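Hi,

Here is the structure I promised to pass on. Have a look first, and my notes follow below.

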Amino acid sequence: MRRLIYSAIFATVAVVTGWSQNVTGTVTCNGTGVSGVAVSDGINVVTTDEHGRYALQSDKMNGYVFVSIPRNYTVDMANGFNPQFWQKLTNANVATAEVHDFKLTYQPSDNYVMIIGADSHLAKRVNDRKAYQKGYIADLQYEKEIAASQQMPTYSMILGDLSWDNFWYAHKYTVRDFMNDQRKMGYPVPLFPVIGNHDNDPSVPHSPSTDFLAAKPWREVVCPNYYSYNIGKVHYVVLDNIVYKNDTLPEGKKARKGVWGQRNYDAAVTPEQIAWLRQDLALVDKASPVVVCSHIPSFRLNIDFSTWGSLLNIKELASCFEGFKNVHFVSGHTHINYNAHPKEYPNIMEHNIAAICASWWITGYITGTDICTDGSPAGYSRWTVRGDSLEWKYASIEDHQDPQFRVLDMNTVKGFLATDTDAIRLAKEFERMPTYEDFEDNSVLINVYAWDDDWKIEVTEDGTPLTTTRLHSIDPAYLLAYTLPQFKRPAKVSPQYHYGTFHTFKAVASKYDSPVTVKVTDSFGHEYTTTLQRPAPYTLEIPNKK
């Protein structure tokens, strides 16, 4: 509340005193001032005048000032990937004036590729950094080369949990180490980061200031924890929707080295951000596409596939986008894929994107194949932007053919689970272990990773159409990739990560050995077809694996 009151006072002061504010500077391109550029300290938003000058009266609490990169411009990229759209303030004393100038480069591009990844979870464990470099970093270079052949630049974002707070001190790996690794690994495209719950400092004790103080390393090393920028005709908004609490540990429970409390949090957007967001959006044409980037999804799906708002103040956040025609929320956190269309907000679509690290890098470490908890391969979402047209597609890190679904012969799956010694033992100990008894003989299960409401699925047996039923089910492939290998490891780690999948389908064939063909058509008319020759082995084999 104090900061909001200050913001209102300072906004008035800005009108009255002109250039007497304590944070001033210019935004230029080739020495010429650029007008109309939004500049902010995270509380106030002002725009540059006809000479490219700006002035802010800042409480300096956030410790930074940033520009919202305008359309047709870009900024310098430190180390080739780190956009220099922000600067740290040099003096915390409000009475001390300071100057911060920004330089832009004219680079018009309404057509480009945006790679949207989530949850890298680097922590110096299970060979995660090596897998990240050989997988995701190599894929970014591949995506950059493909886009360049089409004369389009490539950009990227990671939707939070770049690091893992539980290992910051035990493994000596923080967000600073993450940024250093990107430099050493040669991160090949511009990166616009988003803070996640695991990117907060877990050593900060619980207090009314925990959330602000825990995000301090991020603000000092990575970038502001909320900001905006424009690429082409699209306005991007980055939000921090984690209110980090780090409550006291229960009696008798011991934390890892350096961790003070429970590392818990609330999912919400703070009042300061809401106030800033309204100012930011006031400068945006409501006909422009807006992409809202945060870690925790704002909307989730129920088991019956209906949508619910998952933030504590979702109504307040959604109200900021009233009047905007085309709003896309992109998020990570869950390590699964799903798309949500909240009925209350028909102008908003949520894209929850599965993880770069799949299941915390564990499936790749123990089986050689990284699979997320919903059965999706480790990957990211590739967005192709042409003007105000947005097109997206889920991309597998391990398979450049970008498979959009998996088909399994449930006869062989059920046979394996009924006869394998470890699977039988696990079923007795693990209450969520599926048996698939409700799958009729000769069934096939189809997992369509990025399924959306307007997608179409067609299944045929020897040319005869089969009825498909959408299910909330565990993908059997995940049992081979994670559950059984974890159970058989010497430590007998509990295979606890089973939340079910929102995008599985069942079809029942008439014979056990007839081929089944599946054709999936996505939102943009792209068709993907495969034929399963049955009986089909129950395997993790990826035909086009690199």
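**Notes on Y380 and a few other spots**

Beyond its neighbours within four places in sequence, Y380 is in contact (heavy atoms within 4.5 Å) with I115, I116, G117, Y136, D139, E143, I353, K393, Y394, A395 and I397. Bear in mind that this is a predicted model, where local features need pLDDT of at least 70, side-chain atom pairs count only at pLDDT 80 or more, and totals for chains, interfaces and linings use all residues. Residues are numbered from 1 along each chain as its sequence is written, and side-chain values use heavy atoms, with hydrogens and water left out.

Back to Y380: this residue sits in strand β26 (residues 379–386); strands here are DSSP runs of E, at least two residues, and helices are runs of H or I, at least four, numbered from the N terminus. Y380 counts as buried because its relative accessibility is 1%, and buried means under 20% relative accessible area with a 1.4 Å probe, protein chains only. Its side chain also makes a polar contact of 3.1 Å with that of D139 (a pair of N or O atoms within 3.5 Å, one able to donate a hydrogen and the other to accept it; residues adjacent in sequence count only if both atoms are side-chain atoms).

Elsewhere, there is an open sheet of four antiparallel strands, ordered β31-β30-β34-β35. Its edge strands, β31 (464–466) and β35 (527–532), each pair on one side only; pairing takes at least two DSSP bridges. Between β34 (residues 516–521) and β35 there are six bridges, and V518 stands opposite T530 in β35.

Cheers

Conventions. Buried < 20%, exposed > 50% of the residue type's maximum accessible area, 1.4 Å probe, protein only.
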